[in-house]
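This report covers helix packing, nonpolar cores and a few individual residues. The sequence and structure come first.

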Amino acid sequence: MKLIVGLGNPGPTYEKTRHNIGAVVADSLVFSYGEKYSVHKRSGAETATVRIGDEPVMVAKARAYMNVTGRQIGPLAAYYSVAPADLIVLHDELDIDFGQVRLKLGGGEGGHNGLRSITSAVGTRDYLRVRLGIGRPPGRQDPADYVLKAFPSAAKADVELLIANGVDAAETLVKHGLEAAQNVVHTW
């Protein structure tokens with residue numbers, strides 16, 4: 001089974017922030033299939049199963065803060081024997097222009113504490129990533145402050161497109177694998 005994880009922080013304070021775009025894309029994916037989350041009793045994560053193509057795929061969000069996401073996602077992946085190559089993490093990415101989506105296998109965490117927590121929990125960096133571009137902060141704004149702020153209301157249409165493209169990228173990755181999906185997604 002493949003496991004798609006949307007990174008974010010729980011609660012209404014964070015729901016519209018840049019740092020939560022991974023969780024928002026996961027929600028959009030789940031809701032587009034008419035499914036709802038339930039709490040996985042062993043891990044504590046919210047999960048839903050969708051069928052992408054012919055494959056059942058579990059979509060999950062931790063109900064813990066970003067920095068400790070791995071505490072719920074690690075046990076969830078272990079419970080379902082999800083190999084790192086079948087783990088897909090949706091996350092915000094400062095180093096990609098706002099609105100762009102990029103796919104990648106492995107690599108560093110680039111200061112992203114959610115990725116660091118997942119890496120620690122699964123014991124490797126070699127998992128798939130759907131990198132959702134939020135761009136760099138303007139001027140000298142602290143990146144930590146920038147990611148915890150909401151997208152500007154003027155960017156609403158662009159945020160909606162980023163969410164739709166994130167869903168499409170995750171589905172393409174599941175259906176066709178990394179290389180074929182990169183050939184499609186990286187041309188958008």
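## Helices H1 and H5

H1 (residues 21-32) and H5 (residues 156-176) cross in a right-handed sense; a crossing is right-handed if the near helix is turned clockwise from the far one by less than a right angle, and left-handed if anticlockwise. Helices (H or I, at least four residues) and strands (E, at least two) are DSSP runs, numbered from the N terminus. The two axes lie 9 Å apart at an angle of about 65°; axes are lines fitted to C-alpha atoms, for helices over the stretch in contact, and angles run from 0 to 180 degrees between N-to-C directions. H1 and H5 are therefore roughly perpendicular to each other (under 35 degrees is roughly parallel, over 145 roughly antiparallel, 65 to 115 roughly perpendicular and the rest oblique).

On the H1 side the contact (heavy atoms within 4.5 Å) is made by Ile21, Val24, Val25, Ser28 and Leu29, and on the H5 side by Val159, Leu162, Ile163, Gly166, Val167 and Glu171. By class there are eight nonpolar, two polar and one charged residues. Here Ala, Val, Leu, Ile, Met, Phe, Trp, Tyr, Cys and Pro count as nonpolar, Asp, Glu, Lys and Arg as charged, and the others, Gly among them, as polar.

## Basis of the model

This is a predicted model, in which local features need pLDDT of at least 70 and side-chain atom pairs count only at pLDDT 80 or more, while totals for chains, interfaces and linings use all residues. Residues are numbered from 1 along each chain as its sequence is written, and side-chain values use heavy atoms, with hydrogens and water left out.

## Two residues of H1

Gly22 is found in H1 and is buried at 0% relative accessibility (buried means under 20% relative accessible area, exposed over 50%, partly exposed in between, with a 1.4 Å probe and protein chains only). Not counting residues up to four places away in sequence, Gly22 touches Gly6, Leu7, Leu90, His91 and Leu132. Its C-alpha atom is separated by 8.6 Å from that of Ile163, 141 residues apart along the chain.

Asp27 is also found in H1 and counts as buried, at 18% relative accessibility.

## Nonpolar cores

The largest nonpolar core has 35 residues; such a core is a set of buried Ala, Val, Leu, Ile, Met, Phe, Trp, Tyr and Cys residues joined through side-chain atoms within 4.5 Å. Ile4, Ile21, Val59, Leu90, Val130 and Leu132 have the most contacts inside it. H5 supplies the largest share of this core, eight residues. Apart from it lies another core, of 17 residues, including Ala45, Ala60, Val82 and Val89.

## Other helix pairs

H5 and H6 (residues 178-185) pack at about 145°, with axes 7 Å apart, and their crossing is right-handed. Ala169, Thr172, Leu173 and His176 of H5 meet Leu178, Ala180, Ala181, Val184 and Val185 of H6. That contact divides into seven nonpolar, two polar and no charged residues.

H2 (residues 70-79) and H3 (residues 113-122) pack at about 40°, with axes 8 Å apart. That makes H2 oblique to H3.

## Ser81

Ser81 is found in the loop between H2 and strand E5 (87-93). Its phi is positive, about 50°, although Ser81 is not a glycine. Most residues other than glycine have a negative phi. Ser81 is exposed, with a relative accessible area of 64%.
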